[in-house]
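Here is a short report on a structure with more than one kind of detail to look at. Keep the model open while you read.

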Amino acid sequence: MTLLSIRQLGLSIGQKSILRDVSFDIGPGQIVAITGESGSGKSMTAFSIMGLLPKTAAAAGQILLNGIDVLSLPEAEMCNLRGDEIGMVFQEPMTALNPVHTIGRQVAETIRLHRSVTRAEANQIAAKTLERVGLPPDQFPPGRYPHELSGGQRQRVVIAMAIACQPRLLIADEPTTALDVTTQAKIIDLLRQLVREDGMGLLMITHDLALVAGLADRVVVMRTGEVIEQNSTTELLSNMRHPYTRMLFEASTHTVNLPAANTTRPLLEVQNVKRTYALPRTHLFAAARTFEAVRGVSFAIREGERLGLVGESGCGKSTLTRAILGLDAVKGGSILLNGEPVFSDGKPNLDVRRKMQVVFQDPYGSFNPRHTVSRLVTEPFHLLEDPPKGTDRKVIVAEILTAVGLSPGDANKYPHQFSGGQRQRIAIARALIIRPKLVIFDEAVSALDVSVRAQILDLIADLCRQYGLTYLFISHDLHVVRTVTDRVLVMQAGQIVEQGDTEKVLSDPQHSYTRALIDAAPRMPDLDAYRKDAAQ
Amino acid sequence: MTRNLILGATLSSLVVLAALLSFVWTPFDHASLNIPAKLMPPNATNWLGTDQIGRDILSMVMVGARTSIAVAFVAVGIGIGLGVPLGLWAAAKKGGWTDEIIMRGNDLIFAFPSLVIAILITAIFGAGAINAIIAIGIFNIPVFARVTRGGALSLWEREFILAARVAGKGKAHISIEHVLPNIANLLIVQATIQFSLGILAEAALSYVGLGAQPPTPSWGRMLADAQTLVSLAPHMALVPGCAIIITVLGLNLLGDGLRDWFDPKLRVARV
């Protein structure tokens, strides 16, 4: 008996075809994962099931929930279905909750919408549901507001809202993408437990293949609106039929060959750096409170070294980066590049700055949308006393664009004409154009699809061979850090808790926090082992 | 999207053309009286009729457009010229004392009811177009300063501004090169709204007799003149009223259309 059965689902918005011939089933108690890269139609499939499509969308085919075609249901009946028969968990717990209502009220509201119960009864059910998702009333009273909870706790509230009416189908759209790995592990455990206890069907949408491999019973791989391959997880892992599936799995465990590091004298020296932020006073005459984002961090990068910095959100990584780049003054300690301070007399030092560049995380936000590529990549020329002009400038731009795998003709285009991966190449070109001594990659590959990420990592390795880069690679992704760095720093709550050779730290962690990080990260199964098992 | 642009541009240029044409040609002299032909409804000689002392209404509306546009244009110019730099400066110094002084100064101006102060200014310094411009212009400054600061603040958090800072550019340089072009569409929309509000404010001031002085015609005073005669000669109120509506509507549509046009993302989608 299947719970949800999607038959030849097609979807188009205007002339644009979004989904074509999508078919799969979910049984009660089964976990099905839809995976694929951005633009594959994963989320649109989920929205079709929920009936939350934009007005201009035209759907074809059938979505049978317990034998009823939800596509043919009028909006009023869909409203009854949503939240009652189908629950949904969204990616961003910060925006999925109403900030002006208490968490108890938000959960109770879903119940009162679908069940004829009194307010008191609804509140009671809500409190019980919150307890089930790990928010017991003695520690987290239902009278709390969303802003009083952490990201993981908020996601628990969102899950409580989704399961409050004991739906038969739960749809989770990238439920852990916005969360830290240690939190992610807990949320995944919770979802797994809820599915087991309630016999719900779970449709999990995620781009994280390691997560898929560890959680799902069945995997549906999508690309550009079509189902490329689907099978039970063990079958799929041991025998991938479609080359795209193989490519996806290979890209997500992609490793690069860095040339041997040729380290010499120290380039960047960070000594006992402290940075605090002022917090609002609790009342008018209270003492000003401060938050120490970075608490006495010291490390050095030698010339030619590739250093990694890992840690979860809020650990002070970004604050440290801004201090190193000379964007903010530090409270204490010193940052020296080549023996010269980055910040002197309260002003950033331009001589030092021209030896450093940065690549940011968001390939969409890091360019002025109104400038051409050639103007964007030459922005750091502003740091030079005698920037190249005319033909020289064009030659340098063409050279650097070629070096990052774009064509010289791209110089006159605008950033919106490029894909996310190409934009990240432009960002790297901008960072390298003045040949800085140190490049900082601030989560530079975190926003990219796995196949694009693999290409950018290859590019970084290539550039290491060509230019002998020295860089600080900041990331929360241990797998990526492992392959592109020689040495790694682990940061927690504003302090560096462990440092050493990357391979050694990640395979034999000494600090409990490092161990927790490594244990929580979903691990890609050994595909060779699966293949051997299947062969036997 | 482009329909707004075309309709807005047509209506606005119609008004501007009428104003420009009035410099070289009007059907009659707007100030010449023809008492025997007073209160004539629209006819073959006087296309839009005549007023209570026999002046040609079409001629007056054309010359009045000149006054309205000039007053609103200069008033918006004052608002942009002073408000935008102040807003950019405040955003660049966010949280500092410069920001506080600029924004609290703006609050101070905002705290006064604008039209009452405009009446006060013209009452003290004398009624006339120049004083009306200054009075309306002053109240445009905080509007543009706030819009600019709000737009600029969100841009200062963006990574491309960080990249520019890493490239060693100063705050003034970044404000002009990166921030200003990216809030231009906000400013254009605000400018058209303020422009139409300026036209309405000028009409209101001349309605109470504090705008351009006779014999210079203005739409506001034409409405005031028509007030007592509206049942006898409704066209006297309808013509300047419609002129105001067409101008304000045209400017708003134009602003909307221009905003879409300036956005490079939409430009490519059109190609």
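Strand 3 (residues 31-35) of chain A pairs with strand 8 of chain A in the parallel sense, over four bridges. Two strands pair if DSSP finds at least two bridges between them. Helices (H or I, at least four residues) and strands (E, at least two) are DSSP runs, numbered from the N terminus. In this pair, Ile31(A) stands opposite Leu202(A) of strand 8 of chain A. Strand 7 (residues 169-173) of chain A also pairs with strand 8 of chain A in the parallel sense, over five bridges. Here Leu169(A) has Gly201(A) of strand 8 of chain A as its bridge partner.

This is a predicted model: local features need pLDDT of at least 70, side-chain atom pairs count only at pLDDT 80 or more, and totals for chains, interfaces and linings use all residues. Residues are numbered from 1 along each chain as its sequence is written, while chains are lettered from A and ligands numbered from 1 in the order in which they are written.

How many residues of strand 8 of chain A are buried? Five of the five residues in strand 8 (residues 201-205) of chain A are buried. A residue is buried if 20 or more other C-beta atoms lie within 10 Å of its own, exposed if 12 or fewer, and partly exposed in between, with C-beta atoms placed from the backbone. In a regular strand the side chains alternate between the two faces of the sheet. Both faces of strand 8 of chain A are covered. Gly201(A), Leu203(A) and Ile205(A) are buried on one side, and Leu202(A) and Met204(A) on the other.

## Two helix pairs in chain A

Helix 3 (residues 103-114) and helix 5 (residues 151-163) of chain A cross at roughly 20°, and their axes come within 8 Å. Axes are lines fitted to C-alpha atoms, for helices over the stretch in contact, and angles run from 0 to 180 degrees between N-to-C directions. Helix 3 and helix 5 of chain A are therefore roughly parallel to each other. Angles under 35 degrees count as roughly parallel, over 145 as roughly antiparallel, 65 to 115 as roughly perpendicular and the rest as oblique. The crossing of helix 3 of chain A with helix 5 of chain A is right-handed. A crossing is left-handed if the near helix is turned anticlockwise from the far one by less than a right angle, and right-handed if clockwise.

Helix 14 (residues 420-432) and helix 15 (residues 450-467) of chain A pack at about 20°, with axes 10 Å apart. Helix 14 and helix 15 of chain A are therefore roughly parallel to each other. Helix 14 of chain A passes helix 15 of chain A in a right-handed crossing. The contact includes Ile428(A) and Leu432(A) of helix 14 of chain A, and Leu459(A) and Leu463(A) of helix 15 of chain A. Two residues are in contact if their C-beta atoms, placed from the backbone, lie within 7 Å. The residues of this contact divide into seven nonpolar, four polar and one charged. Ala, Val, Leu, Ile, Met, Phe, Trp, Tyr, Cys and Pro count as nonpolar, Asp, Glu, Lys and Arg as charged, and the others, Gly among them, as polar.

## Positive phi angles

Gln8(A) is not a glycine, yet its phi is positive, about 45°. Gln8(A) lies in strand 1 (residues 4-13) of chain A. Is Gln8(A) buried or exposed? Gln8(A) is exposed, with 12 other C-beta atoms within 10 Å.

Arg435(A) also has a positive phi, near 50°. Arg435(A) sits in the loop between helix 14 and strand 19 (438-442) of chain A. Arg435(A) counts as exposed, with 12 C-beta neighbours inside 10 Å.

## Chain B

Chain B has 10 helices and zero strands. Of its 271 residues, 45% count as buried. Its C-alpha atoms fill a box of roughly 75 × 50 × 30 Å, taken along the principal axes.

Helix 1 (residues 2-24) and helix 2 (residues 57-92) of chain B pack at about 110°, with axes 7 Å apart. That makes helix 1 of chain B roughly perpendicular to helix 2 of chain B. Their crossing is left-handed.

## Where the chains touch

The contact takes 22 residues from chain A and 17 residues from chain B. On the side of chain A, helix 11 (350-353) and strand 18 (356-359) give two or more residues.
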